[in-house]
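Please describe how the parts of this chain are arranged. A plain account for a first-time reader is enough.

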Amino acid sequence: MALGHGRQRYAEPSAEAIRAGDEPAFTELASRYRHELRVHLYRMLGSFTEAEDLVQETLLRAWRKRADFAGRSTFRAWLYAIATRAALDALASPARTREVAMAVDSAGAPASSAPAEVAWLQPYPDELLDLAAPDGGEPEAAAIARETIELAFLAAIQHLPPRQRAVLILRDVAGWSAAETAGSLEMSVASVKSALQRARATMRERLPGRRAEWGAATAPSESERALLRRYVTASQQGELSALAALLREDARQTMPPDRLVFDGRAAILDLWRPVLEGEEAWGEWRSVPLAVNRQPAAANYLRRPGEAVFTAVNIDVLRIEDGLIAEITTFGPELLSALGQEPVM
């Protein structure tokens, strides 16, 4: 549903009040839309931390430009337009140059993997996704479905040129019309339609073939949660054979920001074997289930021999097909505090 349309559940202050600098009214409205703006910026940038920074920039810009708010659209749509332009400015900045690069497999040969090619990709906690579409909110604030927030989508969309990316998000995710999108991005309607066509073609090439089967799920299914519990148990017990049974033969593992792909079950097991088995095994593991990007995930902690406490090692986000793990995207532990995960003792 387009952001510029629909019945508002809450009465917004008048455009005159906003233009006049009614700070309490502006602050209340900005706070109401902060979470969904962050999700919108996350889709544009692929980085949770950068999206948070740019929310602040968006709201500062909106306050400075408040005299420009004419009331022809909702305040919410006006904020989205400002956020989109702020993201395009950030993506054009030399300080934030983001270029996808070819990944390689464990032998150094070229490997195609959208997550591995996007070094700045970060996960987004489901708890904060839920805040972006609270119960009883405006009808436009639909629950955020996996199909527009799953890591495969986030990584694929980063392969688009920034303006194509903005068009795709505004048209296919936010539901804006071609005319609304054109006005927001200062493009012609014909240019918007052309950019959308090119963006959709690229996304079809980059997204997993089975993605159409996800539907509009807003949480992992019970079977996915059950597989995650088996994954957590096998990881904690260091049972390589049990982990192997959870992987598709063509499974792959990537580790942003490293542009490295472990392609196939055998390659993944070769990676895990020295960590979990034999005299060189790292130590005692603890795994804690997480919910990020509407996918099952786990935070992994390690207590090495002679150490008293567990130290966070990484975050594994799973993509599951036909009851088996098709892809593991592994992130560093630095985002655990942002994800609301407490340390394991």
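## The sheet and its packed helices

In this predicted model, Ala 298 has Asp 316 of strand β7 as its bridge partner. That pair belongs to the antiparallel pairing of β6 (residues 295-303) with β7, which six bridges join. Strand β7 spans residues 311-321 and is mostly covered, with eight of its eleven residues buried.

Strand β7 also pairs with β8 (residues 324-331), again in the antiparallel sense, over seven bridges. Here Ile 315 has Phe 331 of β8 as its bridge partner. The hairpin of β7 and β8 has two residues between the strands, and Asp 322 takes a positive phi near 55° there.

Val 292 stands opposite Gln 295 of β6.

| Strand pair | Bridges |
|---|---|
| β6 and β7 | six bridges |
| β7 and β8 | seven bridges |

These strands are part of an open sheet of eight strands, in the order β2-β1-β4-β3-β8-β7-β6-β5 and with mixed pairing. Its edge strands are β2 (110-111) and β5 (284-292), each of which pairs on one side only. In a regular strand, side chains alternate between the two faces of the sheet.

Helix α11 (residues 222-237) lies across β5, β6, β7 and β8, and runs at about 160° to β5. Helix α13 (residues 265-276) packs on the sheet as well, touching β3 (247-255), β4 (258-263), β5 and β8. The direction of α13 makes about 65° with that of β3.

## Helix pairs

Two packed helices are described by the angle between their axes and the distance between the axes.

Helix α3 (residues 48-64) packs with helix α4 (residues 75-92) at an angle of about 120°, and their axes are 9 Å apart. The two helices are therefore oblique to each other. The crossing of α3 and α4 is right-handed. On the α3 side, the contact is made by Leu 54, Thr 58, Leu 59, Arg 61 and Ala 62. On the α4 side, the residues include Trp 78, Leu 79, Ile 82 and Asp 89. The residues of this contact of α3 with α4 divide into ten nonpolar, one polar and three charged.

Helix α8 (residues 162-173) and helix α9 (residues 178-185) have axes that come within 10 Å and cross at roughly 140°. That angle makes α8 oblique to α9. Their crossing is right-handed. Helix α8 contributes Arg 163, Ala 166, Val 167, Leu 170 and Arg 171 to the contact, while helix α9 contributes Ala 178, Thr 181, Ser 184 and Leu 185. The residues of the contact of α8 with α9 divide into five nonpolar, two polar and two charged.

## The chain as a whole

The secondary structure of the chain comes to 13 helices and eight strands. Of the 345 residues in the chain, 51% are buried. Among contacts with a separation of 6 or more, 64% are between residues 24 or more positions apart.

How values were computed:
Residues numbered from 1 in each chain as written. Predicted model: local features only at pLDDT ≥ 70, side-chain atom pairs only at ≥ 80, totals over all residues. Heavy atoms only, no water. Axes fitted to C-alpha atoms, helices over the stretch in contact; angles between N-to-C directions. Helix = DSSP H or I, 4+ residues; strand = E, 2+ residues; numbered from the N terminus. Parallel < 35°, antiparallel > 145°, perpendicular 65-115°, else oblique. Left-handed = near helix turned anticlockwise from the far one by under 90°. Contact = heavy atoms within 4.5 Å. Nonpolar A, V, L, I, M, F, W, Y, C, P; charged D, E, K, R; others polar. Buried < 20%, exposed > 50% of the residue type's maximum accessible area, 1.4 Å probe, protein only. Pairing = 2+ DSSP bridges.
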